[in-house]
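Student: Please take a close look at one part of this model, the aromatic side chains and their surroundings. I would like the cut-offs stated along the way.

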Number of protein chains: 2
Amino acid sequence: MGFLRKLNAAQAKSDSLLCVGLDPDFEKLPKALRDSDTPLFDFNKAIIDATAGLVCAFKPNTAFYESRGAEGIEELKRTCDYIREEYPDIPIIVDLKRADIGNTNKHYATFAFDYLGADAVTVHPWLGREAVQPFLDYKDKGIIVLCRTSNDGAGEFQDLQAERLPIYMHVAKNVSKKWNANGNCLLVVGATYPEEIARVRRQVGDKMVFLVPGLGAQGGDAEAVIKAGTNRAGRGLIINSARAILYASSGDDFAEAARAKAVATRDKINEYR
Amino acid sequence: MGFLRKLNAAQAKSDSLLCVGLDPDFEKLPKALRDSDTPLFDFNKAIIDATAGLVCAFKPNTAFYESRGAEGIEELKRTCDYIREEYPDIPIIVDLKRADIGNTNKHYATFAFDYLGADAVTVHPWLGREAVQPFLDYKDKGIIVLCRTSNDGAGEFQDLQAERLPIYMHVAKNVSKKWNANGNCLLVVGATYPEEIARVRRQVGDKMVFLVPGLGAQGGDAEAVIKAGTNRAGRGLIINSARAILYASSGDDFAEAARAKAVATRDKINEYR
């Protein structure tokens with residue numbers, strides 16, 4: 001089953017647009033877990049089990065695993081395997097933000113899709129469609145292109161105006177018109193920029209799904225995001241939260257606290273849909 | 001010692017601007033190596049030993065290791081360790097082309113600098129300086145920003161004109177004027193675009209070093225690159241070649257063939273300096 005159908009089914013089943021970012025920062029894990037041989041996986045497993053009924057996707061970011069070296073990558077793989085085995089209906093978005101020339105991207109795609117078993121990945125737009133084609137060729141996988149990112153300094157190049165459009169709008173336009181021959185493209189638009197979300201939505205129409213990071217720790221507002229970004233069916237968004245949920249408590253009750261925060265976030269999102 | 005001093009010393013010692021890209025594609029390795037427990041490392045070791053006297057840097061690209069999973073990352077680390085131990089004067093550029101928000105980039109920097117022991121890394125410009133700051137804060141490391149890439153479709157966004165300058169020139173300008181407070185920034189400019197190399201050189205002045213991929217398999221021309229990109233001292237470039245050297249022969253003589261090709265490439269570059 002293709003990524004978008006899997007996502008739609010998961011959103012319907014959980015009645016949720018919430019995605020939990022599995023970004024385990026070793027230094028922030030509860031003390032008891034830091035002595036484990038597989039601290040990242042143990043933490044993730046508890047978070048996954050506590051929030052699986054509340055989410056439409058899980059999104060591990062590779063950086064938090066790579067900083068632990070080869071063992072970290074092993075824990076990332078175990079995390080993906082665990083989700084696939086225990087919660088096969090929940091899509092896995094591997095947030096790797098890669099992009100290289102085409103011959104090299106084939107290897108990144110092998111890492112994400114064949115080794116980790118990801119349902120979707122994030123990619124940088126900088127090298128253009130021709131370079132990203134090896135990702136796009138995976139018709140059943142979601143290819144999520146960084147359009148307008150959530151960080152404070154996102155505008156340095158993304159907001160430059162070319163032909164009366166900011167560059168991030170050129171990305172939105174090209175991805176929806178030229179990259180999406182397989183119907184498997186999505187866009188990243190940060191929760192911290194609701195006006196930009198609305199503008200991208202107007203550009204690409206109702207069908208394309210946005211991955212929206214930046215709710216929670218980065219300060220994005222659920223109401224503004226929903227009003228700016230949902231399509232007419234009240235969907236079209238994957239709203240990610242990581243730190244606010246993962247570290248809702250630093251004690252032994254971290255999984256319960258994460259669940260409570262995930263319930264509250266899902267409900268807040270649904271209030272405005 | 002900082003990256004740029006180490007690079008200068010290595011360029012002087014080897015009389016070479018050549019960088020060998022350590023991009024071992026498992027499917028292309030000589031048959032005998034494919035049965036090894038550490039095929040990528042064994043291949044790299046032979047290439048490194050054969051070419052160490054001829055290069056100013058080695059540049060492993062993470063994609064070729066990630067496609068082999070956690071074991072591949074282990075082989076990447078062994079490769080970096082081997083260079084550092086046996087050839088401590090040769091800088092290691094880890095070509096990872098990452099960029100995420102600041103909090104996440106800290107983890108990628110830990111991977112590259114603390115785990116792998118890289119002397120320099122490549123990063124995407126898309127999220128702007130504010131996001132890349134955790135990399136830039138490593139004063140003694142080289143931060144190499146993708147300015148104008150070597151691929152056919154590079155121009156899709158890089159060539160868009162804003163304020164009468166293509167976006168890649170905004171990257172060149174901002175990196176040289178705003179990102180480079182620690183004097184540790186470099187730029188990627190593809191060998192396949194000598195006019196763009198010359199234009200970027202005029203913009204950023206004599207001091208900044210360019211990493212130039214795309215010689216060899218991608219079709220870049222040594223003479224054009226040298227004429228467009230060297231500074232007045234006949235340096236200022238790191239010219240990368242990977243496939244043309246790594247796969248000069250597919251037989252048991254691959255290391256000798258790689259050496260011969262590296263000699264020829266170094267000499268051809270030096271002919272025009």
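Tutor: The charged end of Lys77(A) sits over the ring of Tyr115(A), 5.0 Å from the ring centre; the criterion is NZ of Lys or CZ of Arg within 6 Å of the ring centre and within 35 degrees of the ring normal. This is a predicted model, in which local features need pLDDT of at least 70, side-chain atom pairs count only at pLDDT 80 or more, and totals for chains, interfaces and linings use all residues. Residues are numbered from 1 along each chain as its sequence is written, chains are lettered from A and ligands numbered from 1 in the order written, and side-chain values use heavy atoms, without hydrogens and water.

Arg78(A) has its charged end over the ring of Phe41(A), 4.4 Å from the centre. Phe41(A) is also linked by ring pairs to Tyr82(A) and Tyr87(A) in a cluster. Rings of Phe, Tyr and Trp (its six-membered ring) pair if their centres lie within 6.5 Å, and count as stacked with planes under 30 degrees apart, edge-to-face over 60 and tilted for the rest. By this rule there are 14 aromatic pairs over all chains. One of them joins Phe111(A) and Tyr115(A), stacked at 6.1 Å centre to centre with 20° between the planes. Both residues lie in helix α6 (residues 102-115) of chain A, 4 residues apart, about one turn of the helix; helices (H or I, at least four residues) are DSSP runs numbered from the N terminus. Phe111(A) and Tyr115(A) are both buried, meaning under 20% relative accessible area with a 1.4 Å probe, protein chains only (exposed is over 50%, partly exposed in between).

Another pair, Trp179(A) with Phe157(B), is tilted, at 6.3 Å centre to centre and 35° between the planes. This pair crosses between chains, from helix α9 (residues 167-179) of chain A to helix α8 (residues 155-158) of chain B. Trp179(A) counts as buried because its relative accessibility is 2%, and Phe157(B) because its value is 1%.

Phe111(A) also touches Glu66(B), whose other contacts include Tyr108(A) and Arg98(A), not counting residues up to four places away in sequence; contact means heavy atoms within 4.5 Å. Glu66(B) lies in helix α4 (residues 63-66) of chain B and, at 0% relative accessibility, counts as buried. Arg98(A) forms a salt bridge with Glu66(B), the closest N and O atoms being 2.8 Å apart; the rule asks for a side-chain nitrogen of Lys or Arg within 4 Å of a carboxyl oxygen of Asp or Glu.

Definitions and conventions
Helix = DSSP H or I, 4+ residues; strand = E, 2+ residues; numbered from the N terminus.
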